[in-house]
Amino acid sequence: METTKISSSIAELTRKGTCVEFFSAYQELDTNRMISLATPDATVWFEPLGEGGKGLFKEFGKAVWELLMDCFPDIDNTIDSMYAEGDSIICKVVIFGTQEKEFMGLPSKGLKFNSEHIFVFKFDENDKITSLTINWNHESFVAQLSGN
């Protein structure tokens, strides 16, 4: 009989659980729960937006997520994969929804988007999120919502 070796550390499992909790809160449109998973000085970077896409998780991140939830009230996500790399957990996630309001200069045409995202969560020794970097194909996102 072969024994399966468990190589994940408790910290890695806890951090992956925090990521699942983050995406669950996102599905439930609960930004307060999303924010509670991070340290007070945690940062977020929506990478395709350049320098203007950086800020504090609890302020800038919350504002962006609330705007997304307002403009795409059926926004949802599916975690495709998750793996650890040092103090980071990398999640490949599909985010999708239907635009009902103008979003960042994009007028609503009632179209849907479906976009693969990469979320890189970094954690402190207490397994709280210290930074989050999010990347996606912004041109494809805009094209889907523009009907191009």
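This is a predicted model: local features need pLDDT of at least 70, side-chain atom pairs count only at pLDDT 80 or more; totals for chains, interfaces and linings use all residues.
In the hairpin formed by β3 and β4, where 2 residues lie between the strands, Gly 86 adopts a positive phi near 65 degrees.

**Strands around β4**

- Strand β3, which covers residues 76-85, runs antiparallel to β4 and is joined to it by 9 bridges, and within this pairing Ile 79 has Val 93 of β4 as its bridge partner.
- β4 also pairs with β5, again in the antiparallel sense, over 11 bridges, and here the bridge partner of Val 93 is His 117 in β5.
- β4 is mostly covered, since 9 of its 11 residues are buried.

**The largest nonpolar core**

- The largest nonpolar core has 36 residues, and those that touch the most other members are Phe 22, Tyr 26, Phe 57, Trp 65, Phe 119 and Phe 121.
- Among the elements that give two or more residues to this core are α1 (10-27), α3 (57-71), β4 (88-98) and β5 (112-123), and α3 gives the most, with 6 residues.
- Leaving aside residues up to four places away in sequence, Phe 22 touches Met 34, Leu 37, Phe 57, Trp 65, Phe 119, Phe 121 and Leu 132.

**The cavity**

- A search of the whole structure finds 1 cavity of 30 Å³ or more, and the largest cavity holds about 200 Å³ of space.
- Of the 17 residues lining the largest cavity, Phe 46, Leu 68, Phe 103, His 117 and Trp 136 are the closest to its centre.
- The lining consists of 15 nonpolar and 2 polar residues, with no charged ones, and α3, β5, β6 and α4 each supply at least two of the lining residues.

Conventions
Residues are numbered from 1 along each chain as its sequence is written. Side-chain values use heavy atoms; hydrogens and water are left out. A nonpolar core is a set of buried Ala, Val, Leu, Ile, Met, Phe, Trp, Tyr and Cys residues joined through side-chain atoms within 4.5 Å. Buried means under 20% relative accessible area, exposed over 50%, partly exposed in between (1.4 Å probe, protein chains only). Helices (H or I, at least four residues) and strands (E, at least two) are DSSP runs, numbered from the N terminus. Contact means heavy atoms within 4.5 Å. On a 1 Å grid over the protein atoms alone, a cavity is a set of points where a 1.4 Å probe fits but cannot get out, and a pocket is an open set with protein on both sides within 12 Å along at least five of seven lines; lining residues have an atom within 4 Å of a point. Grid points are joined across faces, edges and corners, and a volume is the space filled by probe spheres set on the points. Ala, Val, Leu, Ile, Met, Phe, Trp, Tyr, Cys and Pro count as nonpolar, Asp, Glu, Lys and Arg as charged, and the others, Gly among them, as polar. Two strands pair if DSSP finds at least two bridges between them.
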